[in-house]
Amino acid sequence: NSVIYRADYQAPAYWIDTVDLCFDLDPAKTRVLNKMKLRRNADVAPQPLRLDGEELNLSRVLVNGQGTSFKIDGGQLVLENLPEGDQPFELEIFTTCAPVKNTKLMGLYVSNDSFFTQCEAEGFRRITYFLDRPDVMASYTVTLRADKARYPVLLSNGNLVDQGKLDDGRHFARWVDPFRKPSYLFALVAGQLVCREQRITSRAGKEHLLQVYVRPGDLDKTEHAMNALMDSVAWDEARFGLSLDLERFMIVATSDFNMGAMENKGLNIFNTKYVLASQATATDTDFSNIESVVGHEYFHNWTGNRVTCRDWFQLSLKEGLTVFRDQEFSQDLAGEASARAVKRIEDVRVLRTAQFPEDAGPMAHPVRPDQYLEINNFYTVTVYEKGAEVVRMMQTLVGREGFARGMTLYFERHDGHAVTCDDFAQAIADANPGSQFEQLLPQFKRWYSQAGTPRVTAVTQYDEPTGEYRLTLSQSCPPTPGQEHKEPFVIPIGLGLLAADGSELTSRMHVLTQASETLTFPGIDGEPVPSILRGFSAPVILEHAYTDAQLLTLLAHDTDPFNRWEAGQRLAVNRALAFMGQQAMPASDIRLDQPYIEAMRSILRHPTLDSAFKELVLTLPAETYLGEQLQEVDPQRVHAVREAMRQQLAQQLQADWQCAFETNSDTGGYVPDPVSCGRRALAGMALTHLCLAARSGAHSAGPGQPDVWPGKAYQRFKDAANMTDRFNALSALVISGNELAAPALQKFHALFKDEPLVLDKWFALQAGQPDRGGNVLPAVKQLMNHPDFNIRNPNRARSVIFSYCSANPGAFHRPDAAGYVFWSERVLELDPINPQVAARLARALDRWKKLVEPLRSAAREAIARVAAKPDLSNDVREVVTRALA
Ligand code: HT7
Ligand code: ZN
């Protein structure tokens, strides 16, 4: 229960060479016999063996077949009288555990009468006593024994080497993993499952069996996941020369899971949300998430499994790199440059709306953290998404080929080992001798050690007579907890200059290394418009006093699609901030200016732009993103202003929305390809705006006539041939607060009452709906009383509680503080059930110090109420203690 520091790393005192595990699976009392071969680590001073354990019942310990003395100290099993010298010895440990009581979903647990495991980061110690740390890599043999009728499928890592019948209707299966692995990659699954199979031959000519296991009845929803898996195998071979190293690769889906998925060697376990999809039950977003999560877990087979982390501080070594790889995979599959850009914008949006606030709040930490109380709290957007940006900058600096060379060298050097972020960066540098990256490596590595989002300020100067244009770029980084002062970063900045008519004058990549640098562009005829940070080439906040005219030029003409989109976002942010500054003005009086409206109209009407891109440009910046631009935040005001701007866009572009709907609403037979997804997204957005316009009484069917759009939305909701169109139509009714929302919601529930993932959407839509006079909190409380609600199921808890507390700021931050009271009660209710989920929820108030009074005091009180509970988990304690610091 104390803080762990990166600087305290010590190699293990023992190595475990082999592990032979035998499970007698029983939900109430599973017996685990663990036979290990160990030896002392000769590089470390002799010391007792301390094995991690948690919630285990210990029955027997044998050393080389003999009973031995032992003690339990702080949960660890301590053995002092072990054979001396370098000789390997055998240790047998017999324990039991109770999977059915395991509500934390870490270790071995039961879900829908099947057994599953989750061992990352420290779940294996809940299965048996072990050196549960990633730098101890062992060879595993696993025997599973269970009742055959109840658990016909018995799976573990590697290859099935034996199986057969036992007495009393039981059976067994024995699995051998040909690769050494850390304990966090161990997995077993047992239950009534069916699978989709696919045999493939790799480029290298090897045969493999791919399997996707689900509950009977879900098999028809596995085709997309299987296709994504086959695409992943092919992509990693083609892009990085990395082949599948196993004869059999399995994915198993479970509906009780703390996160998205887990990359256990050869036996990935997935949240059903990232496996199951049919056009009737899953949206385009679901299809796309499945593709990237399947890719992500598969890519871990090399980046994480073959080369793993020395300690958990190095988590971004595998996570940042693997997110980068899954982002590249999705971009490569998207194909066209414009579809790639759409994916890039979506990724940056996640970074800016989730990671930037984290980096500015009490949980801010470097990509490679220096300390933690509970490692589960560090599976963060900083480690994942910012970590991916750090890897992306490496690729930008050494080029795609240079990066591929670096990856090859990384595997040559470290295959089969547990290493550090430094080892990865060094491999990229060493594979590119003489490169700027190699020279800048020590400074570049500040991205791993310094927390906080750097700010880059751009100041321009144009000298008309000489035609010289000067661009001064300065960087700074605000203090973060424990890091007052920051040294300059290495910041690759994609640059372009546009003439006033929008034509491109020049473009280049500049690498900013100093606190301030001035670039000079001679011979420029007329003051240009700078396009800075193209492609979002670094995870920084760019500050530049763009004029509206410049932003309109960039929006209309920039050849860089990212900055084109960004110009539209800046135009919207500037307007939102101006409206928020006018405190006295009721949101209903807000009027958007014609130049902005016309700019949005020309995007919406643009003859050649992709629908997906149009949808991104027309989407206003998120409330959390707007809040981050303010010193002090009134979330209800932010919500009101954003809603008023959306209402204006709805009314002023009504004919254009109608045209967008009509030209995009029929996408033919369902295919989740980028073009059709973009068209469905824009049609859905248009429908929402048309329903919003109807609310204002601006009738599209002509003055005095009842508006047709809510009725059309209801019809589309009923007739839709796929979930994307159906859910978009339902959302349009809910978001616009139309009276048809209630019957539509009722019908939706009746249609999908047996589809848990669809019910999650139903719950989330209602908990995330725009607040009208404080109606959402009572609705959320009612949803929690719904017979389909179950707080123990993380997906369901997220769909109701998180959708309200973390994703609906306008409804959550109530002046009467009832939202905060609800939040504190739920954190305290969840903590004894599932501390990981509770701690994620606890983070909903991370940014409380930015709130206006009286919200700030009320939020602090709510956090203090949680912190006052004496027996909090480490997970929640760490979050609330940091928040109050
Ligand atoms: N590497 C996996 C992390 C994960 C996890 C961590 C803690 C608790 C439960 C968990 N489930 C999965 C997921 C990934 O990044 O691929
Ligand atoms: Zn991962």
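Tutor: With pairing: two strands pair if DSSP finds at least two bridges between them. Strands are DSSP runs of E of at least two residues, helices are runs of H or I of at least four, and both are numbered from the N terminus. Here strand β13 (residues 153-156) and β17 run antiparallel, joined by four bridges. One bridge partner of Ser156 is in β17: Leu188.

Student: What kind of model is this, and how are its parts numbered?

Tutor: This is a predicted model: local features need pLDDT of at least 70, side-chain atom pairs count only at pLDDT 80 or more, and totals for chains, interfaces and linings use all residues. Residues are numbered from 1 along each chain as its sequence is written, while chains are lettered from A and ligands numbered from 1 in the order in which they are written.

Student: Which way do the residues of strand β17 point?

Tutor: In a regular strand the side chains alternate between the two faces of the sheet. In β17 (residues 188-191), Leu188 and Ala190 point one way, and Val189 and Gly191 the other way. All are buried. Buried means 20 or more other C-beta atoms within 10 Å of the residue's own; exposed means 12 or fewer, and partly exposed is in between, with C-beta atoms placed from the backbone.

Student: How many residues of helix α12 are buried?

Tutor: Eight of eight, in residues 611-618. They include Phe613, Lys614 and Glu615.

Student: What surrounds ligand 1?

Tutor: A residue is near a molecule if its C-beta atom, placed from the backbone, lies within 6 Å of it. Here 15 residues surround ligand 1, and the closest are Glu120, Asn258, Met259, Met262 and Tyr379. β21 (261-262) and α2 (284-299) each supply at least two residues of the shell. Domain 1 (4-192) and domain 2 (309-449) each give at least three; domain bounds come from an automatic or database domain assignment.

Student: Why does Leu105 count as buried?

Tutor: Because Leu105 has 24 C-beta neighbours inside 10 Å. Leu105 is found in the loop between β9 (89-97) and β10 (107-111).
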